[in-house]
Each structure stands twice: as C-alpha cells, then as structure tokens.
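This report goes through one protein structure, from single residues to the whole chain. Please keep the sequence and the model in view while reading.

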Amino acid sequence: MLGPFVARSIDTARDGRKVIVADCLSYAGLTGLLTATFGHVPIFLTALLLIAAGLCGPLLTGGISTFLPAIAGPDRRSQRRAQGLDVATYGFGGTLGPSAVAAISAWFSPSVAFYLLAMGTVMSAFFIMRLPVSSETHDGERKHVSGAIATMGLMIRDMCLRQTLYLTMAVAFAVAVLPVIAVNMADVLGISVTTAAFLTVAYGAGNLAGSLCLMLIPLRGEPDRLMLNTGWMIVAGLLSIFMVSSFLPLFIYFLITGMLNSTFFAATLAARSEYSPPFCRGQVYVWVGAMKITAGSFGTAVAGQLMTLGTYSPLILSLSVLVTTLIASLAGRTFQH
C-alpha cells in the first residue's frame with residue numbers, strides 16, 4: 001500500500017534503472033538481515049524489516065514494467081507482445097517462486113531459501129542495468145513530477161485511468177477466491193483435498209498458457225474495451241465454475257479462467273502504458289499494481305471468512321462485485337459519450 005509513495009522516484013530519476021538497482025540491493029540486504037536475525041531479536045523488529053522489504057516490492061514489479069515501452073519500441077504490436085511477455089514473467093514468478101521456496105525449505109531450511117532469494121535479487125540488479133531507457137526524458141526536477149496524491153487524483157478524474165483502476169481491483173478481488181474454494185470443493189466433488197488442489201494448479205497453468213499465447217498473438221484494439229470484454233469473459237468463466245459439479249469440467253474451467261485473467265492483466269498493462277502521462281507513468285503503474293494486490297488480498301481474506309456459509313458463498317460474492325463493477329463501467333462510458 002505504501003508503494004505508490006516511493007514510486008515517484010521512478011518518474012523523477014534521470015535513469016530509472018539506477019532506482020531499481022538500488023531497490024534490488026535494498027531488498028536483498030533487508031531479506032538477508034531479517035533471515036539472519038529471526039529468532040534472535042524481538043518479533044516486532046522482524047516485522048519492521050518485513051515492512052521495509054515490502055516497500056521495495058512495488059518497484060520490483062510495477063517499476064520494472066515501466067521500461068516496457070523503451071524495450072518494445074514505439075510500434076503498438078511490439079508493445080502488446082512485450083506486455084504478454086511481462087504477464088508471463090508474473091506467472092512464472094508467482095508459480096515457480098513459491099514452489100522453489102517450498103522445495104528448498106524442505107530439502108535444506110527456510111533460511112537457505114531466503115538467502116537464495118536475496119542472491120537472486122542481487123543478480124537481477126546486474127541485468128536491470130542492461131535494459132534500455134525511454135527516449136522520453138525530462139529535466140529531472142521533482143517539481144515537474146506529480147506526487148502520489150496528485151497522481152491518484154489524476155487517475156480518479158481521467159475516465160480511462162479510473163476504469164483501469166477499479167476494473168483491475170474488481171477482477172483481482174473476484175479471482176482471489178478461486179484458490180480458496182478449490183480446496184474446499186473436495187467435499188462437494190467427493191474427492192480428496194489433494195486432488196481438489198489440482199484445480200488451483202489448473203488456474204495457474206491457465207495464466208501461464210494465456211500469457212504465452214499473448215506473446216504469439218498480441219492483443220488488438222483499445223485497452224478500455226479489451227478490459228471490459230475480458231472482464232465479462234471472466235464472469236462467464238466464474239459462472240461456469242459455479243454451475244458444474246464434476247472434477248474434469250471444473251479443471252477445464254479453472255484453466256480457461258486463468259487464461260482469461262492473464263488476458264485481462266495484459267489489457268491493464270496496455271491501459272497503464274497508453275493512458276498514463278509520461279510525467280507520472282511510473283506512479284500509475286505502481287498505484288494500479290498496489291491496489292490490485294490489496295484487492296486480491298482482501299478477496300482471499302473475505303473468501304476465507306465466507307467459507308463457513310457454504311463452499312460457493314465466496315464465488316457468489318465475487319461474481320456480484322465483478323458484475324456490478326462492469327455494469328458501472330459501461331454506464332460511465334455511456335454517460336461520458
């Protein structure tokens with residue numbers, strides 16, 4: 001949540017790569033320090049180190065994504081293909097990262113896994129400096145770059161950026177319930193919890209497959225319309241999950257919903273890139289990313305609480321939130337025109 005307030009450094013720096021490198025090294029140092037001191041210092045100090053490491057996270061995700069236009073060049077099709085690749089990196093990182101940590105923790109120890117994460121971040125700093133920088137330069141004076149609050153105000157006033165923000169949050173909230181209900185479908189389907197967990201694997205595989213398809217066949221059209229269309233497709237995917245009660249169809253629908261979610265994610269990246277003014281593009285990337293993570297975390301928490309009311313209760317809520325948001329977005333577009 002505090003990420004947007006440190007993201008201004010991306011927009012004010014003459015060379016944003018150096019900001020990311022400093023962030024990588026800070027994250028590595030904090031991760032190593034909290035691992036070395038865990039259990040030897042009061043727990044609140046460990047919590048403070050974790051919060052400090054969390055401050056680095058937005059620049060390691062949304063901050064790096066701001067380099068996409070410079071990497072892909074001015075051609076729109078090339079940029080869309082690069083956004084598909086960016087979605088794939090999130091998918092691979094989100095899938096392989098936790099798996100690697102779990103495996104290393106089991107083979108050696110959690111401390112070893114954390115130290116390796118820190119080393120990996122240090123290595124990435126070297127490659128960050130090999131990225132191209134944008135040709136859109138400014139004089140580097142902070143007074144010419146919007147602050148975090150001003151950037152959020154701009155996003156609220158601008159219809160396209162506003163739609164990007166609340167659609168991203170609504171979809172993140174909606175799909176966050178899937179891993180929670182997947183395991184709890186064991187009783188409904190009459191299968192083991194281990195087998196039901198493969199539904200989450202299907203969703204993750206769908207995200208990866210979708211991002212790989214986007215690299216081969218980039219999205220076409222305006223980002224705002226793409227977000228609306230894929231948002232309604234995700235509604236259809238969630239409805240399909242709600243309506244079937246056998247494992248194989250559910251596995252397929254989880255897979256398809258994952259693919260649709262990766263497509264929606266790519267559309268939001270396109271929207272952030274094409275609708276953001278150059279003087280605050282980095283902050284827009286991070287603001288949307290921070291709100292997405294927050295909405296997803298909130299969706300997971302709410303899903304866990306609603307499970308006591310029935311397996312499908314979280315899914316009903318997520319569908320209601322997403323449909324309401326999409327209808328509001330359509331109404332806003334109609335009123336604007």
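The model is a predicted one. Ser329 sits in helix α17, which runs over residues 313-336.

Which residues touch Ser329, leaving aside its neighbours within four places in sequence? The contacts of Ser329 are Gln163, Tyr166, Leu167 and Leu228.

## Salt bridges

How many salt bridges does a search of the whole structure find? The search gives four. One of them joins Arg17 to Asp15, with 3.0 Å between the closest N and O atoms. Arg17 and Asp15 are both buried.

Another salt bridge pairs Arg76 with Glu274, and here the closest N and O atoms are 3.0 Å apart. This pair connects distant parts of the chain, since Arg76 belongs to helix α6 (residues 76-107) and Glu274 to helix α15 (residues 247-275), 198 residues apart. Arg76 has a relative accessible area of 35%, so Arg76 is partly exposed. Glu274 is also partly exposed, because its relative accessibility is 30%.

Glu274 also meets the side chain of Arg80 in a salt bridge, at 3.0 Å from N to O. Is Arg80 buried or exposed? With a relative accessibility of 3%, Arg80 counts as buried. A network of salt bridges links Arg76, Arg80, Glu222 and Glu274.

## Ala82 in helix α6

Helix α6 also holds Ala82. The relative accessible area of Ala82 is 13%, and the residue is buried because buried means under 20%. Beyond its neighbours within four places in sequence, Ala82 is in contact with Leu68 and Ala72. Ala82 and Arg220 are 138 residues apart in sequence, and their C-alpha atoms are 13 Å apart in space.

## Ile71 in helix α5

Where is Ile71 placed? Ile71 is in helix α5, made of residues 68-72. Its relative accessibility of 44% makes Ile71 partly exposed.

When neighbours within four places in sequence are set aside, Ile71 is in contact with Leu131 and Pro132. Val133 is 62 residues from Ile71 in sequence, and the two are 7.8 Å apart in space, C-alpha to C-alpha.

## Thr121 in helix α7

Thr121 is part of helix α7, residues 110-128. Its relative accessibility is 11%, so Thr121 counts as buried. Apart from neighbours within four places in sequence, Thr121 is in contact with Cys24, Tyr27, Ala28 and Leu60.

## Helix α8 and what covers it

Helix α8 spans residues 148-157, and its buried residues include Ala148, Thr151, Met152, Gly153 and Met155. What covers the buried residues of α8? The cover includes α1 (3-6), α9 (159-175) and α16 (281-306).

## The chain as a whole

The protein chain contains 17 helices and zero strands. Its radius of gyration is 20 Å, close to the 20 Å that the globule rule gives for 337 residues, so the chain is as compact as a globular protein of that length. Taken along the principal axes, the C-alpha atoms fill a box of roughly 60 × 60 × 35 Å.

What share of the 337 residues counts as buried? The figure is 48%. Among contacts between residues at least 6 apart in sequence, 83% join residues at least 24 apart.

## Surface and charges

The protein chain exposes about 16200 Å², and carbon and sulfur atoms supply 71% of that area.

Technical notes
Residues numbered from 1 in each chain as written. Predicted model: local features only at pLDDT ≥ 70, side-chain atom pairs only at ≥ 80, totals over all residues. Heavy atoms only, no water. Buried < 20%, exposed > 50% of the residue type's maximum accessible area, 1.4 Å probe, protein only. Helix = DSSP H or I, 4+ residues; strand = E, 2+ residues; numbered from the N terminus. Contact = heavy atoms within 4.5 Å. Rg over C-alpha atoms; globule rule 2.2 N^0.38 Å. Areas by Shrake-Rupley, 256 points an atom, 1.4 Å probe, with all protein chains shown as cover.
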